[in-house]
Amino acid sequence: MAQPKYIPRLYGRQQDKPLKPRQARLMRDLLPQLAMSDPAQGTIDLARLFPQAEEIWMEVGFGGGEHLAWQAAQHPHVGLIGAEPFINGVAKLLVHIEEQQLDNIRIHHGDARPLMEALPDASLARLFVLHPDPWPKTRHHKRRMISPWFFAEAARLLRPGGELRVASDIDDYIRWTLMHARSAKDFEWTATAPVDWRNRPDDWPQTRYEAKALREGRTATYLKFRRL
Ligand SMILES: C[S@@+](CC[C@H](N)C(=O)[O-])C[C@H]1O[C@@H](n2cnc3c(N)ncnc32)[C@H](O)[C@@H]1O
């Protein structure tokens, strides 16, 4: 039997605490207005979803959405797509959107991978994967977001000169990402000195997960790749 392109199941919890009343209201009333089209319906028409945007960026697994909301606020002419299966994370992003009155975010509440497959070629200028689930056990590595499938899709989706950003606080995941990037050949790692991967750039706000990792004594590594 042919190997699947990626494991089409989601792992881990998709909800922890019950939603607060405000979050539940936003899930009911605001999410339907901001939802991406269903990837099962075919190629997504980004011009319809982002009529004003000069370019489109996407974040895979936005967690609590603080990075996505920050980028949206800093770059009002960019359209941002966020994909996240975790209900509490989507609800937190909706609170950021309401509080900051952001109108340039569209949300896919679910697995990022079918959504990526439904986006048109060269439609993205930036793609972010920040602290993806590490899946440390060797037998679980096939569940990792970064994979040959991921780099092939990222190469298809990013326009030439577009940027892929990956962060992790797990050294093995960084090695894994660099190894896959090298085999992918369509990307160049832009670092020229250790400061480039050790220091978080100014236009890259800290995520909740990163803050937790730092509190627990781990350090984060920041990778930027340019689409050739
Ligand atoms: C370790 S957390 C990091 C969250 C956030 N990026 C941060 O740095 O705070 C990994 C996130 O990836 C999400 N995730 C896992 N599998 C995913 C998938 N297939 N598509 C989209 N997001 C996914 C999880 O729900 C989780 O929120």
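Trainee: How many bridges pair E4 and E5, and in which sense?

Mentor: Strands of a sheet pair through backbone hydrogen bonds, either parallel or antiparallel. Two strands count as paired if DSSP finds at least two bridges between them. Here E4 and E5 pair in the parallel sense over six bridges. Leu 130 stands opposite Ala 167 in E5. The chain crosses from E4 through H7 to E5, a right-handed β-α-β crossover. Right-handed means that, with the strands pointing away from the viewer, the path from the first strand over the helix to the second runs clockwise. One caution: this is a predicted model, where local features need pLDDT of at least 70 and side-chain atom pairs count only at pLDDT 80 or more, while totals for chains, interfaces and linings use all residues. Residues are numbered from 1 along each chain as its sequence is written.

Trainee: And the labels H and E?

Mentor: Helices (H or I, at least four residues) and strands (E, at least two) are DSSP runs, numbered from the N terminus.

Trainee: What is the strand order of the open sheet?

Mentor: The open sheet has seven strands in the order E3-E2-E1-E4-E5-E7-E6. Its pairing is mixed. E3 and strand E6 (187–189) stand at the edges with a single partner strand each, so one side of each has no neighbour in the sheet. The twist averages 20° from one strand to the next. Helix H7 (residues 148–157) packs on the sheet and touches E4, strand E5 (158–168) and strand E7 (221–227). The direction of H7 makes about 140° with that of E5. For such angles, axes are lines fitted to C-alpha atoms, for helices over the stretch in contact, and values run from 0 to 180 degrees between N-to-C directions.

Trainee: Which strands does E1 pair with?

Mentor: E1 pairs with E2 in the parallel sense over six bridges. Val 60 stands opposite Ala 83 in E2. From E1 the chain crosses through H4 to E2, and this β-α-β crossover is right-handed. E1 also pairs with E4, again parallel, over four bridges. There, Met 58 stands opposite Leu 127, and Glu 59 stands opposite Phe 128.

Trainee: How many residues of E4 are buried?

Mentor: Start with the cut-offs. A residue is buried if 20 or more other C-beta atoms lie within 10 Å of its own, exposed if 12 or fewer, and partly exposed in between; C-beta atoms are placed from the backbone. Seven of the seven residues of E4 are buried, so E4 is largely enclosed by the rest of the structure. For E1, five of the six residues are buried, so E1 is largely enclosed too.

Trainee: Which residues have the most contacts inside the largest nonpolar core?

Mentor: A nonpolar core is a set of buried Ala, Val, Leu, Ile, Met, Phe, Trp, Tyr and Cys residues joined through C-beta atoms within 7 Å. The largest has 44 residues, and Leu 93, Leu 124 and Leu 127 have the most contacts inside it. E4 supplies the largest share of this core, six residues. Leaving aside neighbours within four places in sequence, Leu 127 is in contact with Met 58, Ala 154, Leu 157, Leu 158 and Leu 164. Contact means that two C-beta atoms, placed from the backbone, lie within 7 Å.

Trainee: At what angle do the axes of H1 and H5 cross?

Mentor: Angles under 35 degrees count as roughly parallel, over 145 as roughly antiparallel, 65 to 115 as roughly perpendicular and the rest as oblique. The axes of helix H1 (residues 21–29) and H5 come within 9 Å and cross at roughly 85°. That makes H1 roughly perpendicular to H5. Arg 22, Gln 23, Leu 26 and Met 27 of H1 make the contact with Ala 91, Leu 94, Val 95 and Glu 98 of H5.

Trainee: Is His 131 buried or exposed?

Mentor: His 131 counts as buried because it has 21 C-beta neighbours inside 10 Å. Look at its backbone as well. Most residues other than glycine have a negative phi. His 131, in the loop between E4 and H7, has a positive phi of about 55°.
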